[in-house]
Amino acid sequence: MAEERDLKQARVVYKSLCEMLYDRQWHYEKDEEGLSIKCSAQGDDLPMEIIIEVDAERKLISLLSQMPFGIAENRRTALAVAVSQANNGMIDGSFDYDYLSGNIYFRLTSSYRESLIGKELLNYMLMCACYTIDEYNDKFLMVAKNNMSIEEILDFVK
């Protein structure tokens with residue numbers, strides 16, 4: 001369990017997160033007890049549901065977004081290739097792929113251990129996530145719906 005000073009620091013980070021979203025005029029749902037928010041954005045093609053949590057015990061800010069579609073069993077190997085190609089060389093964040101369920105998530109974390117976290121970092125996390133998700137979500141959907149060879153998937157996702 002997080003100590004009181006860790007919880008106090010987490011609440012400061014959470015307050016900055018809420019202020020950043022308010023400043024950007026984003027609509028969001030707050031869970032003050034759980035130090036998390038839920039929000040959404042519309043990309044060029046697909047909607048993005050985003051959860052951001054402040055973890056007082058591990059001193060982390062975690063952003064998670066599940067792709068709004070599932071993957072049929074017969075296309076899961078193809079999506080494993082697509083997700084691997086997307087993650088190759090990615091600087092911030094990554095796509096997590098659960099092969100058994102066919103679910104894909106984008107994850108981005110930042111530690112605030114012995115740091116002061118400002119709205120600029122939180123804004124960066126949100127904008128980086130939205131850009132990256134929007135860049136790849138439609139590609140993953142196309143791979144899920146179309147028969148492509150491994151080479152075609154690699155070229156398409158690149």
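Me: Which hand does the crossing of α1 and α3 have?
Reply: First, a note: this is a predicted model, where local features need pLDDT of at least 70, side-chain atom pairs count only at pLDDT 80 or more, and totals for chains, interfaces and linings use all residues. Helices (H or I, at least four residues) and strands (E, at least two) are DSSP runs, numbered from the N terminus. A crossing is left-handed if the near helix is turned anticlockwise from the far one by less than a right angle, and right-handed if clockwise. For α1 and α3, the crossing is right-handed.

Me: At what angle do the axes of α1 and α3 cross?
Reply: Axes here are lines fitted to C-alpha atoms, for helices over the stretch in contact, with angles running from 0 to 180 degrees between N-to-C directions. The two axes come within 9 Å of each other, and the crossing angle is roughly 65°.

Me: What does that make α1 relative to α3?
Reply: The cut-offs go like this: under 35 degrees is roughly parallel, over 145 roughly antiparallel, 65 to 115 roughly perpendicular, and the rest oblique. With axes that cross at roughly 65°, α1 sits relative to α3 as roughly perpendicular.

Me: Which residues of α3 make the contact with α1?
Reply: Contact means heavy atoms within 4.5 Å. Side-chain values use heavy atoms, with hydrogens and water left out, and residues are numbered from 1 along each chain as its sequence is written. On the α1 side you'll find V13, S16, L17, E19, M20, L21 and D23. Facing them from α3 are K119, L122, N123 and L126.

Me: How do α3 and α4 run relative to each other?
Reply: Helix α4 covers residues 150-157, and its axis is 10 Å from that of α3. The packing angle is about 165°, which means the two helices are roughly antiparallel.

Me: Which residues in α4 does α3 meet?
Reply: From α3, the residues involved are Y136, K139, M142 and V143. Their counterparts in α4 are I153, F156 and V157.

Me: In what order do the six strands of the open sheet stand?
Reply: Two strands pair if DSSP finds at least two bridges between them. The pairing in this open sheet is antiparallel, and the order is β1-β2-β3-β4-β6-β5.

Me: Which residue in the turn between β3 and β4 has a positive phi?
Reply: β3 (residues 47-55) and β4 (residues 60-66) are antiparallel and share five bridges, and I51 has L64 as its bridge partner in β4. The two strands make a hairpin with four residues between them. The turn residue with the positive phi, about 60°, is K59.

Me: How many of the seven residues of β4 are buried?
Reply: Buried means under 20% relative accessible area, exposed over 50%, and partly exposed in between (1.4 Å probe, protein chains only). β4 also joins β6 through seven bridges, with L64 opposite R107 in β6. The strand is largely enclosed by the rest of the structure, because its number of buried residues is five.

Me: How many residues does the largest nonpolar core have?
Reply: A nonpolar core is a set of buried Ala, Val, Leu, Ile, Met, Phe, Trp, Tyr and Cys residues joined through side-chain atoms within 4.5 Å. L63, L79, F95, I104, L126 and F140 have the most contacts inside the largest one, which has 50 residues.

Me: Which helix gives the largest share of this core?
Reply: In soluble globular proteins, nonpolar side chains tend to be buried together. Here the largest share of the 50-residue core is 11 residues, and they come from α3.

Me: How far apart in space are A78 and I153, C-alpha to C-alpha?
Reply: A78 is in helix α2 (residues 76-87) and is buried, at a relative accessible area of 9%. Not counting residues up to four places away in sequence, A78 touches V143 and I153. A78 and I153 are 75 residues apart in sequence, and their distance in space is 7.5 Å.
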